[in-house]
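Here are my notes for you, in numbered points. Have the viewer open while you read, and look up each residue as it comes along.

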Amino acid sequence: MAPTSSAIAGQLRHIIYYHLDNISYDNALFFAERLVAHDPHPRSESSYLLALCHFRLGDFHSAYEISKAVGYRGTNVSCSYIFAHCCLELGQYKDGILALEKSKSSWSRKCSVGKHSATGRAQHPDSASMACLLGKLYRAYNDKTKAIHNFEEALKINPFMWDAFTALCDMGAKVITANNFKLNDTLLESLSADLLNGILSEQKESSAVNPIEPQPKKPTIRSAGFDTGGDPFDSQRPTAGSEMLLGANFLSGENDFMSKINAARSRVMITTESGLESVETPTSNHTDSNIPRINYPAEPPQAPTRKTRNAQPMESSLSDIPPKIGFRAGTRRTHKLQDKSQEDPLSESNPTLLRATASGVSGIERKRTVSGHPVQPRQQSEEPGAPQRRSARLNMFRGANTKANSGTSTVGPSRELKKARPPVSRIVRPNSSSSNVGRAVSGNRKPLEENGMDVDHAEAPRVKEIHPQPPVTKPLEPDPVKVEETLKYLLELLKKFGSGYFALSQYRCAEALASYISLPRAHQDTPWVLSQMGRAYYEQAEYAEAEKYYRRLRIKAPTRLEDMEVYSTILWFLKRETDLSFLAHELVDLSWHSPQAWCALGNAWSLARDHEQALRCFKRATQLNPKFAYAFTLQGHEHVANEEYDKALTAYRQAISADRRHYNAYYGIGRVYEKLGNYDKAYIHFHSASVINPTNAVLICCIGNVLEKQRQIAKALQYFTKATQLAPHAAQTRYKKARALLALNQLDEAQKELEILKTLAPDEATVHFLLGKLYKTLNDKGSAVRHFTIALNLDPKASQQIKEAIESLEDDDSFDDSMMA
């Protein structure tokens, strides 16, 4: 009977998901095309899977065309989702927005976090994923209001949508971190059985097996007749007829151990009337190895009783009679040992000897009385019809290979028989952890007792294992309390990450550093946190400290490319030409097509004062990623160095177009207008940059510079004062404040600032020149001459101006800082 169409389609879907999960996208694409050929209906899942395979392979155009027919109309949520992703990659933002808006009525309103595990997945993306994608499209479409709304909706449904949170921070939205990372009603409603079972099944699959707890299924003993060609080492492989051979109780595990004992007792008592010898001695048709075992019907084995050598007395029906399973297991073991005779010393001499040993090994030497003592052997009968001793029967099969002392009738077995006994004990042991029949596994064979008592411990019944019930493995029950505590812990951890990221996005660097330092040590040493902390120090202009974090980052993740343009800029500020060149070459060798590598290479050329080469590198970076705003800004800086101000303005505006909150570009435009003498426009752009980054002392100082050049000294002093508060160790900012104080004739304040400045920059000629001017105004001619002389020694090039200042000490001239202009 031919399979149904739905069965074929279902199997193809399984194969596609298998290859997608194993990152075999080419295979997945091949079978996705087979699925479409089998089920060409455009509204079916086949179109979505085919588009998904193309998307995973990076073929966005093909995925766009395949999913467009259904995805653009919004009739299939999955197709709309993959179609919108393609629109985001290809810049077709409006099409993606329309597709998601049309499919909004079909969104799943529940969070599907718990449905994604190693054994299952949600059929369609949930509303949190859809809203987050819609927010990204609106952001790319420059609709900030709707983008923020959709990102907030995604976080309300699922607070683990980290990219939605970072997008809100990057857009400059007002975010309350504590309100985003908390257990809201929507998330609590999603804690259904799917979520609990998903998490607990992951825990069960990933946890180590407890050797104390019994497993639900033990490896079974195989019949030679039913499994002649199978792998004896595969303990999980099912065999034909195994249930008939072993019985339902044995296959069902060991949770009901006493029921098996009772079953064994009833089977053993059937054979009681035949006598002890008939039980412990194999019949002739089983002793003959030439008769194939497959011709005989399978007989259910009898569960052996287990007790220790020094066990307490138990019922006679279980202790007096050796279990019949010893005979049956011995026959099955014979077939296994013929294929693997090299594992046992006896098998090297004669395989028939091994079979006879296996059949007769459950004899007198292992018989015990009720009290546990060995049964006294009977004397060899002299009558012709008397049954032979076991050793005599064994000698019949040995022939010439038998040792001299093994032919005699003794109580103890031969040395070879002792070696063969432990493998037999592994066959009849019901709790054996492996189906390697007859193989001597290292660590599984127990040594013989030193007191000479010939006892096989594996065969000896153990009462201690019978009386107590075996431990019952309790199934993992869904525990909503534990799951809720886990989620709360993760959300508290996310609050710290979120607080640090949001603070850094607002350029509150000290607050961001405090949040990241509060993280556990293991998280602090991750590449992402190291990069964030290095960037926080970079924004504070603490380049030496920032370089330490990025150096650690390079050790932890030498192949990481993200934020390497910042690291190269830090090395540029520190004037480490060798380190910067080495970093650039490493990044270029690592990824020739990454914009970060070309930015690092451009910074290296810029530090070497080769601005043309630097410009080529920065332009290459913008070609690789037109949305890489920092590369446009670096282009502008190089154009300013070449005094190409129009080209610089174009580059800075392209950077703003790529990122509206890229304050460096506003700062660059302000610098250009300041050099061109257009102080009003310079002030506007410096102010715009300071609105984005209100904690940057350089930006505030630039505003003060513009105001000072417009002769608004008092207003400029306010900005200089604020800048010194933000960066108390910045010598340049404090110098400008002192100069403004001198211009406003606030001599005492100016003197305090200059004394601090002299400590910060003792070898700076301009500081001593300004001190000389101050003391000249205070009529302290001796101190004025001394500081003028120090300035002359530090900067001989300014000797003309300094000499003029010394000569004018007798004149009552106004304040002049021409040397500092």
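1. Which residues does Phe 165 touch, not counting residues up to four places away in sequence? Phe 165 touches Leu 155, Val 175, Thr 177, Asn 180, Phe 181, Gly 498, Tyr 501 and Phe 502. A contact here means heavy atoms within 4.5 Å.

2. A word on the ground rules. This is a predicted model, where local features need pLDDT of at least 70 and side-chain atom pairs count only at pLDDT 80 or more, while totals for chains, interfaces and linings use all residues. Residues are numbered from 1 along each chain as its sequence is written, and side-chain values use heavy atoms, with hydrogens and water left out.

3. Now the overall picture. The protein chain has 42 helices and zero strands; these are DSSP runs numbered from the N terminus, with helices being H or I of at least four residues and strands E of at least two. Of the 821 residues in the protein chain, 47% are buried. Buried means under 20% relative accessible area, exposed means over 50%, and partly exposed is in between (1.4 Å probe, protein chains only). Take the contacts between residues at least 6 apart in sequence: 58% of them join residues at least 24 apart.

4. Back to Phe 165. Along with Leu 100 and Phe 151, Phe 165 is among the residues with the most contacts inside the largest nonpolar core, which has 85 residues. Helix 23 (residues 480–505) gives the largest share of this core, ten residues. There is also a second, separate core of 55 residues, including Tyr 673 and Leu 747. A nonpolar core is a set of buried Ala, Val, Leu, Ile, Met, Phe, Trp, Tyr and Cys residues joined through side-chain atoms within 4.5 Å. As background, nonpolar side chains in soluble globular proteins tend to be buried together.

5. Go to the start of the chain. At what angle do the axes of helix 1 (residues 5–21) and helix 2 (residues 25–38) cross? They cross at roughly 165° and come within 8 Å. Axes are lines fitted to C-alpha atoms, for helices over the stretch in contact, and angles run from 0 to 180 degrees between N-to-C directions. Helix 1 and helix 2 are therefore roughly antiparallel to each other (angles over 145 degrees count as roughly antiparallel, under 35 as roughly parallel, 65 to 115 as roughly perpendicular and the rest as oblique). Residues making the contact include Ile 8, Leu 12 and Ile 16 of helix 1 and Ala 28, Phe 31 and Leu 35 of helix 2.

6. The axes of helix 24 (residues 509–517) and helix 26 (residues 527–539) come within 9 Å, crossing at roughly 155°. That makes helix 24 roughly antiparallel to helix 26. Leu 513 and Tyr 516 of helix 24 are among the contact residues, as are Trp 528 and Met 533 of helix 26.

7. Finally, check some loops. Tyr 507 is in the loop between helix 23 and helix 24, and its phi is near 65°, a positive value in a residue other than glycine. Asn 745, in the loop between helix 38 (731–743) and helix 39 (747–760), also has a positive phi, near 60°. Which of the two is buried, and which exposed? Tyr 507 counts as buried at 11% relative accessibility, whereas Asn 745 is exposed at 54%. Ser 591, in the loop between helix 29 (577–590) and helix 30 (595–607), counts as buried at 19%.
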